[in-house]
Amino acid sequence: MTEPTLLIRDADVVATMDDERRELPRASVLIRGRAIEAIGPASDLPREADEVIDARGHVVIPGLVNTHHHMYQSLTRAIPAAQNAELFGWLRTLYPIWAGLTPEMARVSAQVAMAELLLSGCTTSSDHLYLYPNGVRLDDTIEAAASIGLRFHPTRGSMSVGESAGGLPPDHLVEREDAILHDTRRVIETFHDPSRHAMVRVGVAPCSPFSVSPGLMRDAAALARATGTRLHTHLAENDHDLAYSRDKFGQTPTEYAESLGWLGEDVWHAHCVKLDAHGIARFAATGTGVAHCPCSNMRLASGIAPVQRMRASGVPVGLGVDGSASNDAAHLLNEARQAMLLGRVGRSLDAFGCDHGPAEFTARDALDIATRGGARVLGRDDIGHLAPGMSADLALFDTRTLGFAGGAVHDPVGALLLCASATTAYTVVNGRVVVREGRLATLELEPLLERHNALARQLANRSA
Ligand SMILES: Nc1nc2[nH]c(O)nc2c(=O)[nH]1
């Protein structure tokens with residue numbers, strides 16, 4: 001059977017983000033099935049295909065890659081009692097609410113988070129689901145991704161150390177470690193797809209040093225390595241997190257992670273705001289990845305992650321919107337913009353001697369982290385840039401809209417980051433058009449939002 005073709009024709013510019021970072025004016029992209037077949041000047045490519053998108057007036061980029069999220073938190077945005085707390089207080093306020101999560105809530109909130117991501121240009125996302133009350137399963141979010149058409153890296157999170165054992169979460173929200181490992185193996189065996197262009201890859205993700213035991217961290221690492229899956233957790237998020245590591249384990253977060261086998265090319269840690277010079281050196285030497293979450297780090301006042309220093313040292317850095325309750329959005333292009341702005345803040349020398357300033361974090365640096373950086377952090381060589389043979393994941397932005405006025409005419413690629421963060425005109429995932437003319441093409445958004453808001457009210461009322 002011949003595979004269908006999709007032609008993105010006559011784009012104003014295609015920012016390939018390839019090894020030469022080529023930005024092709026007046027270019028087209030030919031897709032066959034789920035992969036890119038050809039890319040180049042419009043005059044060199046065919047004019048027709050099974051489906052043609054007229055991309056005049058548009059800028060085309062590789063689909064953005066989100067490396068950290070907690071999608072269920074879309075149900076608990078802007079909860080008044082959690083609006084002004086730092087991480088531990090914020091978590092203590094929200095745990096009792098999250099304890100009411102149901103399978104339907106997990107599925108519907110994931111669809112909402114995914115809709116928001118897709119409309120912001122994201123085509124691949126990770127999700128860290130670390131609590132499983134009331135029969136919730138990772139399967140619920142995987143079902144959501146399949147229905148909406150997002151490339152998905154769900155991670156089987158977990159919490160096993162409750163308050164009575166010195167952890168942060170309430171005892172009734174933690175699981176037994178043998179049950180965690182058993183279910184993690186089940187979801188890997190059921191859903192993990194290591195093949196090229198895979199739409200689902202499962203990760204192993206005990207939640208954080210203050211909610212799981214060192215034993216579970218070690219067992220999780222062994223399981224991931226036995227099954228060829230990746231490891232993910234939170235690390236060095238703020239000063240309290242550092243203090244917990246020092247008081248409980250007598251180690252810095254990096255020393256703790258390394259002692260448990262949690263450094264390596266198959267590991268990525270979220271936040272890493274408080275990584276010290278030794279930590280950065282160890283991450284660089286071992287190829288350990290970081291999910292940089294600027295909005296959440298600002299919202300919770302956790303601090304500014306030393307991203308320039310990490311990148312200059314060779315640490316793989318991707319971008320994450322983080323959970324929708326600590327952002328409280330899931331707009332990945334805006335996250336890239338915030339990474340750029342935060343990376344410029346403070347003209348003075350920082351603790352590592354890095355001079356900040358406008359030239360230290362360019363629009364293209366931000367795009368690099370959001371595309372190639374994310375792909376590397378998730379261990380994928382088939383997404384993150386546009387070239388023949390790569391997965392057909394692309395985002396198209398219409399530069400004739402209000403937010404781009406007076407900007408895209410000078411530099412359409414730079415304007416993506418420097419002007420107001422736009423939503424996409426088209427988003428293509430694995431060769432399938434999932435956003436068309438600015439609207440989600442795979443499901444009806446209005447009834448989804450109605451149901452989501454009803455569930456959000458129900459969840460908050462349940463714990464009241
Ligand atoms: N930003 C966040 N940090 C966390 N640490 C932890 O244990 N859970 C969370 C979370 O949901 N968000």
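The ligand is surrounded by 14 residues, of which the closest are Q73, Y130, S208, E237 and D322; a residue counts as near if one of its heavy atoms lies within 4 Å of the molecule. The model is predicted: local features need pLDDT of at least 70 and side-chain atom pairs pLDDT 80 or more, while totals for chains, interfaces and linings use all residues. Residues are numbered from 1 along each chain as its sequence is written, and side-chain values use heavy atoms, leaving out hydrogens and water.

An oxygen atom of the ligand lies 2.6 Å from an N or O atom in the side chain of Y130, and a polar side-chain atom of Q73 is 2.9 Å from a ligand oxygen atom. A side-chain N or O atom of H271 is 3.4 Å from a nitrogen atom of the ligand. Of the 300 Å² of accessible area that the ligand has on its own, the protein covers 100% (Shrake-Rupley method, 1.4 Å probe).

Helix α8 spans residues 277–286, and G279, I280, F283 and T286 are buried in it (under 20% relative accessible area, 1.4 Å probe, protein chains only). These buried residues fall within an arc of 145° seen down the axis of α8, so they line one face of the helix; the arc is taken from the directions from the helix axis to the C-beta atoms. Their cover includes β10, α7, β11, β12 and α10. After α8 comes G287, with a positive phi near 75°.

L30 belongs to strand β2, residues 23–32. With a relative accessible area of 7%, L30 is buried. Beyond residues up to four places away in sequence, L30 touches T5, L6, L7, I36, E37, A38, L45, P46 and A49 (heavy atoms within 4.5 Å).

How values were computed. Buried < 20%, exposed > 50% of the residue type's maximum accessible area, 1.4 Å probe, protein only. Helix = DSSP H or I, 4+ residues; strand = E, 2+ residues; numbered from the N terminus. Polar contact = N/O pair within 3.5 Å; in protein donor to acceptor, adjacent residues only side chain to side chain.
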